[in-house]
Amino acid sequence: MTKPDSAADPIVKVDDLHAYYGKSHVLNGVSLQVGRSEVVGLLGRNGVGKSTTLKSIMGLVHAQQGTVLFEGKPVTGMPAHKLARSGIAYVPEDRRIFRLLTVMENLRTGLDRAGMTESRRHELLDKVYELFPILAERRNQHGGTLSGGEQQMLAIARAMMLEPKIILLDEPTEGLMPRMVAQIARIIEILHREGVAILLVEQNVALTLECSRRVYFMEKGETRHHAAAADLTVDDPVIHQYLGV
Amino acid sequence: MAIPWDLIVVQTVNGIVTGMILALVASGLTLIFGIMDVVNFAHGELFMLGAYIGVLVLASTGSFLLALTTASLVVALIGAALQIVTLRPLIGRDPLTTILATFGASLVLQNYALWQFGPISRKIAEPVSGQFHLLYLEYPWYRLVIAVASAAIIGAFWLFLKFGRYGIWIRATTQDRVMAQAMGIPVPWVHTGVFAIGAAMAAASGVLFGPLVGVEPYMGLPWVLKAFIVVVVGGMGSFGGSIAAAIFVSLLESYASIWVSPSQAIIVSFVVLILTLLFRPTGLFGSASR
């Protein structure tokens, strides 16, 4: 198996990240990088620290050791709202829609920012409404009244309002019907083609291999291995080693 | 016992007037609790400071409107400074520490007022004099002005929360602080802003209510006590709930004082509070919504 070439000009580069929840050592040396407009998968069993990795990149979990570089500049310890403004978007595992805000208001949390012009606003809204027509239909409905799949679309659409350079996407297909899973794959493809990089945490191995260029494997809070997605198959020994039960 | 209809009419008007001013005090309190889980024990002192600044501005300019706006702005700045200095460093600590911090701030502000202005109560002249007939009473117009002005301030703030860009920031932060931050909303500044707005609303009610009582260092205490009752009865952190509860509790007290003395009528508020905590701890009016 060939070692995949890492991105030459990474948009996000994580080096030897360590983090704790209270006294438990949840990240124990995470190193990875994501290139511009590259889709990178992050695989591993439950509880190995995949979600925590995304949260520490986003500045939502404080990393005690290690560095995160965004576009070559260190951003470790920077507050999340500044990272969001500079181009990192986060779509959490449980979607975390603002339930009492309407669909439109949920989108406005990302749209209402300095430097936004009226025409750009319309462009961005038109784009997500075209991608997710159901959101246009429900724009005045509260986020909490949407179905799970619709909430997932809203979470992604909301992240897109920030015009991010990279999206940290945590388990987007969790609990969705197969038809929705296919749609999520299509959206990842569209974002990739638009030049948005994606760091994807997923339980669905087939989807991860299909969407990603490279894949990292985590075990015990540590990135242990990485490989080109094209070199792997769903029942590869490596997959069994890191994901098998 | 015959039902004293005329008294009931008068007490309904009284209840609505006090209810509106109480709603103005309580909505600041509930907003601050809703967004940062801080129980602001210094809220009554912000009310009192507002009234004193009103006294000073009114004495030097003679304009009640100017007194009202200046007091609100100055107390908003004081509130912002208070939040940055005392509450921001406590984020992530035990909520009990914020109670101690705001209680400490309240003592400092009370004693500052005592030192600066003395124990003698000051007067704010009613900006609108004159009375109208309300059955057997000559009812002061100014009391209706208070009710209308409070309603206008609350209404304006509600519109801001509903449609304004920063209003959406406030609602998003109230619902999910972490996700709000991940969407680029500067949450620490939203907290400071909300504290400042709450302080301004307390100050505005202090100036509006000043003419009815005197302005003195401890005038905030009974109001903040009632406002706390209202916040709990309305459902902690629910904006609409605390407004409904303010009017509800004030009406009940007004009706009770038909038969008992006004100082005994306060018992009714506590009874409502205890019953709420026993049977509907999430509040009578709060739809669990924030």
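## A hairpin and its sheet

S1(A) and S2(A) make a hairpin with 2 residues between them, and A:Gly22 in the turn has a positive phi of about 60 degrees. The model is predicted, with local features needing pLDDT of at least 70 and side-chain atom pairs counting only at pLDDT 80 or more, while totals for chains, interfaces and linings use all residues. Residues are numbered from 1 along each chain as its sequence is written, and chains are lettered from A and ligands numbered from 1 in the order in which they are written. Helices (H or I, at least four residues) and strands (E, at least two) are DSSP runs numbered from the N terminus.

A:Tyr21 has A:Ser24 as its bridge partner in S2(A). On to strand S4 (residues 63–70) of chain A: strand S1 (residues 10–21) of chain A pairs with it, again in the antiparallel sense, over 6 bridges, and A:Ala19 has A:Ala63 as its bridge partner there. The open sheet has 4 strands in the order S2-S1-S4-S5 (chain A), with antiparallel pairing. Strand S2 (24–35) and strand S5 (73–74) of chain A sit at the edges with a single partner strand each, so one side of each has no neighbour in the sheet.

## A covered strand in chain A

Strand S8 (residues 197–201) of chain A has 5 of its 5 residues buried, meaning 20 or more other C-beta atoms within 10 Å of a residue's own, with C-beta atoms placed from the backbone (12 or fewer is exposed, in between is partly exposed). Both faces are covered: A:Ala197, A:Leu199 and A:Val201 lie on one side, A:Ile198 and A:Leu200 on the other.

S8(A) runs parallel to strand S3 (residues 39–43) of chain A, joined by 4 bridges, and parallel to strand S7 (residues 166–170) of chain A, joined by 5 bridges. A:Leu199 stands opposite A:Val40 and also opposite A:Leu168. Leaving out residues up to four places away in sequence, A:Leu168 touches A:Leu54, A:Ile57, A:Met58, A:Ile88, A:Tyr90, A:Val91 and A:Leu199; contact here means C-beta atoms, placed from the backbone, within 7 Å.

## Where the chains meet

18 residues of chain B are in contact with 21 residues of chain A. On chain B's side, helix H6 (165–175) and helix H7 (177–182) are the elements giving two or more residues. That side has 10 nonpolar, 4 polar and 4 charged residues; Ala, Val, Leu, Ile, Met, Phe, Trp, Tyr, Cys and Pro count as nonpolar, Asp, Glu, Lys and Arg as charged, and the others, Gly among them, as polar.

H6(B) has 8 of its 11 residues buried, including B:Trp169 and B:Arg171. Its cover includes H3 of chain A, along with helix H1 (5–36), H5, H7 and H8 of chain B. Helix H3 (residues 103–111) of chain A has 8 of its 9 residues buried, so the rest of the structure largely encloses it. Those buried residues pack against helix H4 (118–131), helix H5 (133–137) and helix H6 (148–160) of chain A, plus H6 and H7 of chain B.

Key:
Contact = placed C-beta atoms within 7 Å. Pairing = 2+ DSSP bridges.
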